[in-house]
Amino acid sequence: MENWYITIQANILIRKDLSSTEKILYGLISNIEQIDGECKATNKYLSQYVGISPVQVSILISKLVDAKLLIRKVIFNDNKQVVSRNLNTAEYLYKKKEIPYIRKTKKPIQEKTKDNNISNNNKESVNKIVI
């Protein structure tokens, strides 16, 4: 097995409404999508990497679709049988600004902390005589 890793975006990582397993599954789907353009992986394949059953993967994918984090496209044949299922991540979180961005401050951190150090805080106490 090759060494590889998944990346979980910060806006997904900080969500309190998602379980850790949902976040890992989202990261795995996102990484597969980055390689292939979409995730065509089966529930069985995903379950092997996440460490849960294929049925549980199906439930978690439905939750991620309901949360509008994934877009599921199911392709049927003429007999209404499922031919394939494609998953894509929804990037609307950034476009709709549902997760606020951290604003940059005007002053660099060095200027903010210039007077907030031990040597400056102790100057007054060194000159005072304690009786």
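Analyst: Side chains of opposite charge can pair when their charged atoms come close. In this predicted model, Lys40 is exposed, with a relative accessible area of 56%. The side chain of Lys40 meets that of Glu38 in a salt bridge, at 3.7 Å from N to O. Glu38 is partly exposed, at a relative accessible area of 22%.

User: How many salt bridges does the structure hold?

Analyst: There are two salt bridges. Besides the pair of Glu38 and Lys40, Asp17 forms a salt bridge with Arg15, and the closest N and O atoms are 2.7 Å apart.

User: Is Arg15 buried or exposed, and is Asp17 buried or exposed?

Analyst: The two are read from their relative accessible areas. Arg15 counts as buried because its relative accessible area is 15%, under the 20% limit. Asp17 has a value of 51% and is therefore exposed, the limit for that class being over 50%.

User: Which residues does Asn86 touch, leaving aside those up to four places away in sequence?

Analyst: Asn86 is in strand β2, and at 4% relative accessibility Asn86 counts as buried. Asn86 touches Glu38, Cys39 and Lys40, as well as Ile71, Arg72, Lys73 and Ile75. Two of these, Glu38 and Lys40, are the partners of the salt bridge with an N to O distance of 3.7 Å.

User: At what angle do helices α2 and α4 pack?

Analyst: Packing is described by the angle between the helix axes and by their separation. Helix α2, residues 20–36, packs against α4 at about 85 degrees, with the axes 10 Å apart. The angle makes α2 roughly perpendicular to α4, because values of 65 to 115 degrees fall in that class. In this packing, Thr21, Glu22, Leu25, Tyr26 and Ile29 of α2 meet Val57, Leu60, Ile61, Lys63 and Leu64 of α4.

User: How do the axes of α3 and α4 cross?

Analyst: The axes of α3 and α4 come within 8 Å and cross at roughly 100 degrees. This makes α3 roughly perpendicular to α4. On the α3 side, the residues in contact are Asn43, Lys44, Leu46 and Ser47, and these meet Pro54, Val57, Ser58 and Ile61 in α4. Val57 and Ile61 are also among the α4 residues that meet α2.

User: What separates the C-alpha atoms of Ser19 and Leu60?

Analyst: Ser19 and Leu60 are 41 residues apart along the chain, while their C-alpha atoms are separated by 9.4 Å. Ser19 lies in the loop between α1 (10–13) and α2, and is partly exposed, at 32% relative accessible area. Over the chain, residues 24 or more positions apart account for 44% of the contacts with a separation of 6 or more.

User: Which residues have a positive phi without being glycine?

Analyst: Backbone angles are read residue by residue, together with the place in the chain. Lys68 is one of them, with a phi of about 65 degrees. Lys68 is in the loop between α4 (54–66) and β1, and is exposed, with a relative accessible area of 54%. Lys80 also has a positive phi, near 65 degrees. The place of Lys80 is the loop between β1 and β2, and Lys80 is exposed at 70%.

User: Finally, which residues make the nonpolar surface patch?

Analyst: Trp4, Tyr45 and Tyr49 make a nonpolar patch of about 310 Å². Tyr49 lies in helix α3, residues 43–50, and is partly exposed, with a relative accessible area of 34%. For the chain, the accessible surface comes to about 10,400 Å², and 54% of this belongs to carbon and sulfur atoms. Of the 131 residues, 26% count as buried.

How values were computed:
Residues numbered from 1 in each chain as written. Predicted model: local features only at pLDDT ≥ 70, side-chain atom pairs only at ≥ 80, totals over all residues. Heavy atoms only, no water. Patch = residues over 30% accessible without salt bridge, like charges linked within 9 Å, V, L, I, M, F, W, Y side chains within 5 Å. Areas by Shrake-Rupley, 256 points an atom, 1.4 Å probe, with all protein chains shown as cover. Salt bridge = Lys/Arg side-chain N within 4 Å of Asp/Glu carboxyl O. Helix = DSSP H or I, 4+ residues; strand = E, 2+ residues; numbered from the N terminus. Buried < 20%, exposed > 50% of the residue type's maximum accessible area, 1.4 Å probe, protein only. Axes fitted to C-alpha atoms, helices over the stretch in contact; angles between N-to-C directions. Parallel < 35°, antiparallel > 145°, perpendicular 65-115°, else oblique. Contact = heavy atoms within 4.5 Å.
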